[in-house]
Amino acid sequence: MGEENKVILHGTWSSTYSKRVELALKIKGIPFDYVEENLSNKSDLLLKYNPVYKKIPVLVHQGKPIAESLVILEYIDETWNYEPRLLPDDPYESATLRFWVGYVQQKIAFENVCEKLRVLEEGIKSSSFAEKKPNFHGQNLDLLDIMMVATLGAFRAQEEFLGVKIIDPEKYPLIFKWVTDLMELPVVKEITPPHDELVSFLQKFKQAALKFPTN
Ligand SMILES: N[C@@H](CCC(=O)N[C@@H](CS)C(=O)NCC(=O)O)C(=O)O
């Protein structure tokens, strides 16, 4: 790839937002350089590229920066608009898929995650693409698959850290199968941080939060 077409991702290894982008680039087979950012000492380049939010991930393509993970994912699919597509061609299916992507983005966090998972499980079962989930064809993941595995792929580390079941296979069989099948794919394994590193990251994060409470 010539310098003018270069793709660079600024991210951090533990960020689910960076992982979304890394996964999309790998699924599409787009070569890229990766810059690991230290969020407690952000690089001048990151501040220049994302002066509004000052956050990772930032994708730089042809020298131009794009910020916000979901914006970046759509940019990737529009720019490298060949198979596998991250969004379906059918407008209704694409709208439904983006609806659930937005739901995972906004709602699937630590608090009340069980109720949110129930809504997601039921919503996917009655969606226009119900038959397709959770079946994958090779490594052809779409935007929602990327969101699911980047957001929930660390659930085993979170379960160990919190000492509670998050994705209970009896309560959420579809989500459990979906996420665990995705985690078996080589492309997903490539971007998944080692389990022990994630658990110790969560522990360190908690200790730091206890030391410097925000309120
Ligand atoms: N809405 C953003 C969120 C990205 C985000 O929260 N990034 C965090 C790391 S996981 C960050 O850069 N934090 C640095 C800061 O807030 O100063 C996206 O989807 O890209």
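Two strands count as paired if DSSP finds at least two bridges between them. In this predicted model, β3 and β4 pair in the antiparallel sense over 4 bridges and form a hairpin.

**The β3–β4 hairpin**
- The hairpin has 2 residues between β3 and β4.
- Gln 62, in the turn, has a positive phi of about 55°.
- His 61 has Lys 64 in β4 as its bridge partner.

**Helix α3 and its surroundings**
- In helix α3 (residues 69–79), the buried residues are Ser 69, Ile 72, Leu 73, Ile 76 and Asp 77.
- Viewed down the axis of α3, these buried residues fall within an arc of 135°, so they line one face of the helix.
- In an α-helix there are 3.6 residues a turn, so residues three or four places apart point the same way.
- The packing partners of the buried α3 residues are α1 (16–28), β3 (58–61), β4 (64–67) and α6 (143–152).

**Helices α4 and α5**
- The axes of α4 (residues 91–107) and α5 (residues 113–125) come within 11 Å and cross at roughly 175°.
- Angles over 145 degrees count as roughly antiparallel, and α4 and α5 are therefore roughly antiparallel to each other.
- On the α4 side, Trp 100, Tyr 103, Val 104 and Lys 107 take part in the contact; they meet Lys 116, Val 119, Leu 120, Gly 123 and Ile 124 in α5.
- By class, this contact of α4 with α5 comprises 6 nonpolar, 1 polar and 2 charged residues.

Key. Residues numbered from 1 in each chain as written. Predicted model: local features only at pLDDT ≥ 70, side-chain atom pairs only at ≥ 80, totals over all residues. Heavy atoms only, no water. Buried < 20%, exposed > 50% of the residue type's maximum accessible area, 1.4 Å probe, protein only. Arc of directions from axis to C-beta. Contact = heavy atoms within 4.5 Å. Axes fitted to C-alpha atoms, helices over the stretch in contact; angles between N-to-C directions. Parallel < 35°, antiparallel > 145°, perpendicular 65-115°, else oblique. Nonpolar A, V, L, I, M, F, W, Y, C, P; charged D, E, K, R; others polar.
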